[in-house]
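Hi,

Here is the structure I promised to pass on. Have a look at it first, and then read my notes below.

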Amino acid sequence: MSARPHYRASPCPASASAWGAPAPAEARPRALRFCVQLRLHFHFRSRGGQGRQQRHGPRATAVTSCYQCLLISLFRAFWKKVHYLLMMDFTFHSVPMKPADLLCGEARGSSSKMISLSIKRPLVTMSFLLSSLLMLLTVATPSWCQRSETTSPKASNRAPFPWNKMRLPEHITPVHYDLVIHANLTTLTFGGTTEIEITASKPTSTIVLHSHHLQISKAALRKGAGERQSLEPLRVLEYPPQEQIALLAPEPLVVGLPYTIVIDYAGNLSESFHGFYKSTYRTKEGEVRILASTQFEPTAARMAFPCFDEPAFKASFSIKIRREPRHLAISNMPLVKSVTVAEGLVEDHFDVTVKMSTYLVAFIVSDFKSVSKMTKSGVKVSVYAVPDKINQADYALDAAVTLLEFYEDYFSIPYPLSKQDLAAIPDFQSGAMENWGLTTYRESSLLFDAEKSSASSKLGITMTVSHELAHQWFGNLVTMEWWNDLWLNEGFAKFMEFVSVSVTHPELKVEDYFFDKCFNAMEVDALNSSHPVSTPVENPAQIREIFDEVSYEKGACILNMLRDYLGADAFKSGIVKYLQKYSYKNTKNEDLWNSMASICPTDGTQRMDGFCSRGEHSASSSHWRQEGLDVKTMMNTWTLQKGFPLITITVRGRNVHVKQEHYVKGPDDAPETGYLWHVPLTFITSNSDSVQRFLLKTRTDVLILPEEVEWIKFNVGMNGYYVVHYEDDGWDSLTGLLKGTHTAISSSDRASLINNAFQLVSIGKLSIEKALDLSLYLKHETEIMPVFQGLNELIPMYKLMEKRDVNEVETQFKAFLIGLLRDLIDKQTWTDGGAISERMLRSQLLLLACVRKYQPCVQKAEGYFRRWQEANGNLSLPSDVTLAVFAVGAQNPEGWDFLYSKYQSSLSSTEKNQIEFALCITHNKEKLQWLLEQSFKGDTIKTQEFPDILRAIGRNPVGYPLAWQFLRENWNKLVQKFELGSNSIAYMVMGTTNQFSTRARLEEVKEFFSSLKENGSQLRCVQQTIETIEENIRWMDKNFDKIRVWLQNEKLELL
């Protein structure tokens, strides 16, 4: 597997031939190349910092092995030379002896192996040879002979640990787990017994598995099937750096024979958001209640029970949970029975699970209530929540039933369990988790208050439920073999959100929001610190880091691009084939493409020699030539290399010259990567809105149009994951089109033009003036996608200005933005009427107008807030305007305090989130500092909200220095709570720093993170934010004066 490091303790491959005897020309470099590459690899890894081991861990082994490689090669070469001379010139009699015997003690003080020589040549020659040999022995002996003492990992008791790799050995396979777990919600501890049935594929007396923060009291081994077999005690060694334990058996396991490991252990409920952790909530009466829930993905099942905690080690699970009678336990499978095991103690027995990975195991002990419905196929769907909020569960329940039925039909594979629970957890780090049969959610991602929840909340809940239910097939039924292919889980689930909800909830118009995900992914993917969709990872921190925009959003976008190219029916046939073939198994990247290999596009293609073939007659463009479509080769260009292409279009009469290159931000003198993609290009022209298609597989090509055109627009509907640049007057033609009749192209095409124009400014392909000229058409725009994309491009520009002392231009630019959208703002009603997209547009426009102090908006909001405050918060505000009303109300101390008092008693997640945001945009530094401290403490404001609060204050022109200082002062505690490498840590790092635009701030960021060493300096998000700040500085230095002049020239014309 690509993620697994290969440490070598054996000599270099070419060392046998060495220098003393002739060797093939390629053999000598190979020996040296192996050692140098290995050494460079670990030097690089130590500089990058990821996967740092302790001094005597695997890295030391690898580097020492490399050193040993060179020494042995040298020694063998020398020995061959000695042997050659002795055979030529001496009578040489000896007991056979290996070079390693000489090095490791056999030649030192051993009388049983002696060398006798009968000399026939002058003694001086022999003296020279022996002195040279002695010198080599003197140098080589310490590192070689002490190898076992200096390079073996040390267990916590200092005994040698028998395994030195992060990945577990493959010769022990778990078959079934029996778990008994007792959580004590009073002492906040838990105890358990884990029985794991295993088999061995080769004889071994060592069983290595995972355990983290568990106190193991006893371990034993039962040979054969049946509980009556005797238990043999096992010696337990712990190696915390790799979160592993080794169980040492008295004799080797017999291949193929079933064994059962029995482990008794105890632990504390985690105070973080992973493992088996504590959560709390406050009732209406103010009572604080405790529950315990799990979050195991990616590597935290080992915090709840000892296990083989890698996705490829699938097994079945029988789970028993012990609890007090007043509590309820739920798990992946339905409850079979409950038995009383002691006074005040009940044991719940759950049905045996299907074969699955450890990270999908889940159990909750709580006092939740539930509501339930049945699907058409008889699956019981239930939503669990705290008692005071169970009345907010109905929307998610209905959505879950509808979506589960859709997926069963779409995938042509029945949902394999008899129930599907959705549980709203009061403390939850991410949005949701796909545990098989028991999906868990943050309350705001599942609970919908019909009176107070916003339109965006309804959309978000629907998409999140859809995502987790898609995982029941993509991820649970078919699982990636290792985390390097996480995108097979997450990219597909993100993609299926839009496929499913567009059918089940057409009124939400989810297609309007898909391409914003692609733009977000491109922001990260344009940096040198990005990574391929399928990327090697090894340790837990690295694994957590790839739960990012590239794995989720880019994964979804390239799948959408493939579906657009193959056709929806052909694409669906391919993924159904993939799911059917690999059910209950693990897959790699290429397995998906191999499943697609026999699927052809639906527009006139045919099978030829294993490939899909298009003929010129069936193509929508005359440029199509007879060619094969190799899905695997095509998609490998999108998954195995980072970034995306910039497509440059140059029109010369009827000839359209096409060129691709790697789009990457950075210094102008950055070296070319030489990446090449297979790009499914699409385009329309002024003469035809029929979509033309062409697969670009070379760096350049030429398309021939039937006639000359006024304009040409590539990447129709933004279905392709690439940026397009139009040379010569291409951009002028498209800008003229937008200013004249912008509805001639779709709203997604208009949004992509806005995005592409500003992306090209960043790499110097288009002037800022031309991009701003194009944005002027927004004065006549009414659709949500182009307006939102315009805001996404323009707002960050004045955010960069806020970090510099350029108040005059900053104020002018803010006024320009409001002036650009004033007509659209004035048309907004202060109600909840209209389609979801209209309501979301209204909410964001009114918020922008009020925050930018557009007086008609401010006055209206002040009136609403005053009446709401006079009614003690009991007045029902239109949910779409509530955010703007709260934002205005929070600008004075009295309003801020009143909002906070309402926050404490609110049961609506939407309302609490809206109040949080409003509290964070005050310009009162004392209140902002208090907010940071309180949300981090987690008493009245839950700690799960801290990343959002820190980021919001980090975006506040007054608060950003406070947020940056707080992050630095509390870094170690943040890492302990949210985990190194987690998306939350990345979110906070980027949220507090990535709008910096001065060299002084850049140096602060570099200095702080470099001081962290292995506790953060190696994180990808740190490299991303440094790159982003450097880009911000370059961008402002290049464009600020141009913006100032442009604003002066345009002000009178626009306003």
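Before anything else, one cut-off: a residue is called buried when its relative accessible area is under 20%, exposed when it is over 50%, and partly exposed in between. Asp-897 has a relative accessible area of 40%, so it goes down as partly exposed. Please keep in mind that this is a predicted model.

Lys-927 makes a salt bridge with it, and the closest N and O atoms are 2.9 Å apart. The lysine sits in helix α25 and the aspartate in helix α23 (residues 893-905), so the pair ties together parts that are 30 residues apart in sequence.

Lys-942 and Asp-427 join their side chains in a salt bridge (3.0 Å, N to O). Lys-942 is in the loop between α25 (925-937) and α26 (946-954), while Asp-427 is in the loop between β20 (419-425) and β21 (432-433), so this pair ties together parts that are 515 residues apart in sequence. Asp-427 has 10% relative accessibility and therefore counts as buried.

Then there is Asp-309 with Arg-302, whose side chains also meet in a salt bridge (2.9 Å, N to O). Asp-309 is buried, at 2% relative accessibility, and Arg-302 is buried as well, at 4%. Salt bridges can also link up into a network, as they do for Lys-799, Glu-802, Glu-810 and Lys-814.

Next, the surface. Which residues gather in a patch of positive charge there? They are Lys-355, Lys-577, Lys-581 and Lys-585. Lys-577 belongs to helix α12 (residues 568-581), and its 32% relative accessibility makes it partly exposed.

Last, something from a record. An unreviewed UniProt entry lists His-467, His-471 and Glu-490 under "binding site". They are spread over 24 residues of sequence but cluster in space, with a largest C-alpha distance of 8.6 Å. You will find His-467 in helix α7 (residues 455-471). Is His-467 buried or exposed? It counts as buried, because its relative accessibility is 6%.

Methods
Residues are numbered from 1 along each chain as its sequence is written. This is a predicted model: local features need pLDDT of at least 70, side-chain atom pairs count only at pLDDT 80 or more; totals for chains, interfaces and linings use all residues. Side-chain values use heavy atoms; hydrogens and water are left out. Patches are made of residues with over 30% relative accessible area and no salt bridge: like charges are joined within 9 Å, nonpolar side chains (Val, Leu, Ile, Met, Phe, Trp, Tyr) within 5 Å. Accessible areas come from the Shrake-Rupley method with a 1.4 Å probe; for residues, only the protein chains shown count as cover. A salt bridge is a side-chain nitrogen of Lys or Arg within 4 Å of a carboxyl oxygen of Asp or Glu. Lys and Arg count as positive and Asp and Glu as negative; His and the chain ends are not counted. The place of a charge is taken as NZ of Lys, CZ of Arg, CG of Asp or CD of Glu. Helices (H or I, at least four residues) and strands (E, at least two) are DSSP runs, numbered from the N terminus. Buried means under 20% relative accessible area, exposed over 50%, partly exposed in between (1.4 Å probe, protein chains only). UniProt positions are given in the numbering used here, feature names are shortened, and annotations may be inferred rather than shown by experiment.
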